[in-house]
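Here is a short note for someone opening this structure for the first time. Please read the points alongside the model.

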Amino acid sequence: MPETPERQFRANAYPYLAGLARPLGWRVSWRALGVRYNPTLRYTLEPDDLKLLLAEAKRLKPDVVVVNERLAPRQLAALKARVRYCPLGEDFPAHFAAFVRTVDPAAPAAVLDDPDLLETIEPEFPREVLNSAPWAAHPLMRVVAGARCSYQTLADDNPFYRGLKLPAAAMPCSFCGTPARDEGVRDPVAFAARHIEAAARRRGASDAELRFELIGARLWRRLEDFVAELVRRGVRGAELSFMPRIDEILEAREVLRRCLPALAERGLALRLYGAGVENFSPDENARLNKGITAEQVHEAAAFIAETRTRWPHAFRFPDGKLSMILFTPWTTLADLRVNIDHIERCPLICARAVLGSRLQLFPGRPVALLAEKDGLLAKKRKDGFYNSGCIVSADQSEIPWRFARPEVGLLHELGRGLVQHYYGERRADGPQARALAAAAAAAEARSPKPLAAFRRAVETLERRPRTRSLPQLLTLMLQS
Ligand code: SF4
């Protein structure tokens with residue numbers, strides 16, 4: 001369980017694996033170790049954590065240990081048990097029975113072949129945190145009640161993708177690998193409510209707020225039924241996180257207004273997170289096939305601000321959390337200007353933090369095929385390892401790409417430097433970091449806006465497009 005309770009990749013199915021104990025006669029224990037988040041997702045347990053795990057294995061003598069991260073083989077070998085890496089992500093309902101067969105080849109087909117298998121299992125939460133990592137104590141419980149997102153458009157409707165040989169006629173956002181298949185859960189409302197009720201029962205007398213992440217576009221569309229079902233089951237004191245798109249938030253405004261009084265009365269809260277603008281430039285937005293306009297973003301931001309003020313406990317939308325992909329292989333200076341103007345208008349975007357954000361390409365995704373067609377793939381990237389959040393397993397690696405316009409590459413380098421300057425745990429040192437800090441201070445002295453230095457850099461490059469290095473750009477910025 002890396003660093004924050006939110007990062008528990010491939011543990012979605014654990015409550016159902018634990019719930020199989022009764023029908024299959026297993027003895028199941030669920031143990032968690034909080035570890036420091038590593039963006040490459042390659043973990044080696046600290047010696048003390050390994051000792052805790054080995055002591056637990058010695059005590060429990062398991063036949064099989066199911067792990068959700070690929071730990072170092074020598075550490076796993078020390079467990080002296082059959083180890084199964086659980087690859088089940090958000091599409092786990094479709095692959096659950098097949099995975100169970102790898103854990104227990106003797107599991108009876110009569111149980112596993114039941115088409116309603118997941119709906120019949122009572123989810124269990126026998127989880128114990130072995131170490132004292134503070135973020136492990138208050139976990140986020142993920143309930144997968146179907147595919148996260150159902151957004152798809154016809155590739156032929158998008159001029160950038162028309163005629164490109166894509167794997168299917170319909171496409172989601174062009175960079176996204178979220179599974180769209182919606183299998184395994186017949187009634188998302190009943191399924192999610194049962195899961196939450198089971199977790200709430202385990203809370204006992206504690207009045208600490210439980211935290212759930214609800215995954216399922218069909219569930220979001222039935223929010224009102226879901227809230228009514230939670231009320232009927234007497235669930236109280238929980239935060240329910242959803243990740244709707246911006247257009248889905250706009251569509252749900254009336255439903256939200258109707259649901260919030262009932263939620264507030266029971267100490268329940270809705271938390272919306274992870275909605276993406278991606279890019280305010282119409283061309284960039286179309287290449288990303290996002291299908292969200294700048295007007296929709298500002299309209300949603302106004303609704304969110306008003307609703308947060310009215311329901312400060314029951315409606316949560318953290319500031320700065322609208323996500324963006326600011327840089328792509330095709331980005332122009334004009335695209336960046338459009339983005340700066342809109343970002344400065346939108347309080348839900350963390351202006352300085354998005355300056356380092358860039359597109360990641362992965363095999364088979366439409367935008368990777370577009371970049372290949374446009375000759376923008378590269379042998380290697382120069383900016384080192386980066387994880388926008390799209391890398392969720394150690395087996396995944398991105399396809400390197402290059403900027404069509406070298407001056408935009410300089411702005412990306414500057415953007416990453418500014419993020420380090422404003423947010424880095426340690427301020428970078430050296431002549432370039434000092435020049436960057438001086439340029440940022442000079443720009444901020446003239447304009448209090450958060451993107452002052454970045455705007456000045458764009459203006460400088462508009463005047464001096466042949467600038468080819470960051471030190472040269474920083475010098476020009478200070479002179480202008
Ligand atoms: S990026 Fe978000 S909105 Fe777009 S397809 Fe993926 S999950 Fe859906």
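1. What is the order of the strands in the open sheet of 5 strands? The order is β5-β8-β9-β10-β12, with parallel pairing. Strands are DSSP runs of E, at least two residues long, and helices are runs of H or I of at least four, numbered from the N terminus. Two strands pair if DSSP finds at least two bridges between them. β5 (140-144) and β12 (315-316) stand at the edges with a single partner strand each, so one side of each has no neighbour in the sheet.

2. A word on the source. This is a predicted model, where local features need pLDDT of at least 70, side-chain atom pairs count only at pLDDT 80 or more, and totals for chains, interfaces and linings use all residues. Residues are numbered from 1 along each chain as its sequence is written.

3. Inside the sheet, β9 (residues 238-242) and β10 (residues 268-272) run parallel, joined by 5 bridges. Leu 240 has Leu 270 as its bridge partner in β10.

4. Now the ligand. Around it are Arg 148, Cys 149, Tyr 151, Pro 172, Cys 173, Cys 176, Thr 178, Arg 245 and Gly 276. Each has its C-beta atom, placed from the backbone, within 6 Å of the ligand. By class, this shell has 5 nonpolar, 2 polar and 2 charged residues. Ala, Val, Leu, Ile, Met, Phe, Trp, Tyr, Cys and Pro count as nonpolar, Asp, Glu, Lys and Arg as charged, and the others, Gly among them, as polar.
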